[in-house]
Amino acid sequence: RYLKVVCKLPRRFSRFWMRSDIAAMLLGVSSFIFASTFDVAAQTRTFKAESAGLVGGASKLSDGVASGGSLVSLASPGQGIRFSNLPAAGKLAIRYASVTNGTISVTVNGQQPRKVNVHSSGALTNCVLRSIIDVAIPANAVVSVSVATNDVAVNVHQVIVGDGALG
């Protein structure tokens, strides 16, 4: 009825225009959902462990599953990897391999370490799991993944930061 009053179209045209408006509205909504999906994906960034700074004797080892061809072995307390200049994010995912259940440690900008649960992937190479935590990462942050006393040995493949789904 709104179109009949404003446009003064015959009834058969007004039905056509209303259907066109509904189709345009549905197209607009689907475009918004499609764009929003890519917006979340665009907020996710991946960093390879072999590109991080090695700390305390951490070492690289070959792995056919790793995107860069290597994992970083964190086998002893004090060993770790340091990622610099990370973008702001609210979540961190660590892709790793381990043969033991336990924890590893994560620090952001040198603050108090946070324990992250890890599970056995069944092997130290060619098989990775993902552990995701909510953590405030400010822009240009330094994030360290390390093994502290009572933590378990892991081989780290990569870290992923973002605000959406990381897994």
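Author: Start with confidence. pLDDT is the predictor's confidence in each residue, on a scale from 0 to 100. A contact means heavy atoms within 4.5 Å. Over residues 1–9 the pLDDT stays under 50, and the model gives this stretch 12 contacts beyond four places in sequence. Residues 29–42 also fall below 50, with two contacts beyond near neighbours in sequence. Where pLDDT is low, the predicted coordinates should not be read in detail. The average for the protein is 81, and 75% of the residues score at least 70.

Two notes on conventions. This is a predicted model, where local features need pLDDT of at least 70, side-chain atom pairs count only at pLDDT 80 or more, and totals for chains, interfaces and linings use all residues. Residues are numbered from 1 along each chain as its sequence is written, and side-chain values use heavy atoms, with hydrogens and water left out.

The protein has two helices and 11 strands. These are DSSP runs numbered from the N terminus: helices are H or I of at least four residues, strands are E of at least two. Along the sequence, the order is α-α-β-β-β-β-β-β-β-β-β-β-β. Of contacts between residues at least 6 apart in sequence, 71% join residues at least 24 apart. Buried residues account for 35% of the 167. Buried is under 20% relative accessible area, exposed is over 50%, and partly exposed lies in between (1.4 Å probe, protein chains only).

The part to look at is S4. It spans residues 70–74, and five of the five are buried, so this strand is largely enclosed by the rest of the structure. In a regular strand the side chains alternate between the two faces of the sheet. In S4, Ser70, Val72 and Leu74 point one way. Leu71 and Ser73 point the other way, and all of these residues are buried.

Next, its partners. Two strands pair if DSSP finds at least two bridges between them. S3, residues 59–62, pairs with S4 in the antiparallel sense over four bridges. There, serine 59 stands opposite serine 73. S4 also pairs with S11, again antiparallel, over three bridges. Here valine 72 faces valine 156 of S11.

Asparagine 150 lies in it, between strand S10 (141–146) and strand S11 (154–162). Its phi is positive, about 75°, although it is not a glycine. Most residues other than glycine have a negative phi, and most peptide bonds are trans. Asparagine 150 is exposed, with a relative accessible area of 72%. Asparagine 126 has a positive phi too, near 60°. This asparagine sits in the loop between S8 (114–118) and S9 (129–137).

Five strands form it, open and antiparallel, in the order S2-S5-S10-S7-S8. S2 (53–55) and S8 stand at the edges, each with a single partner strand, so one side of each has no neighbour in the sheet. Neighbouring strands here are turned by 25° against each other on average, direction ignored. S7, residues 102–108, pairs with S8 over five antiparallel bridges.

Key. Axes fitted to C-alpha atoms, helices over the stretch in contact; angles between N-to-C directions.
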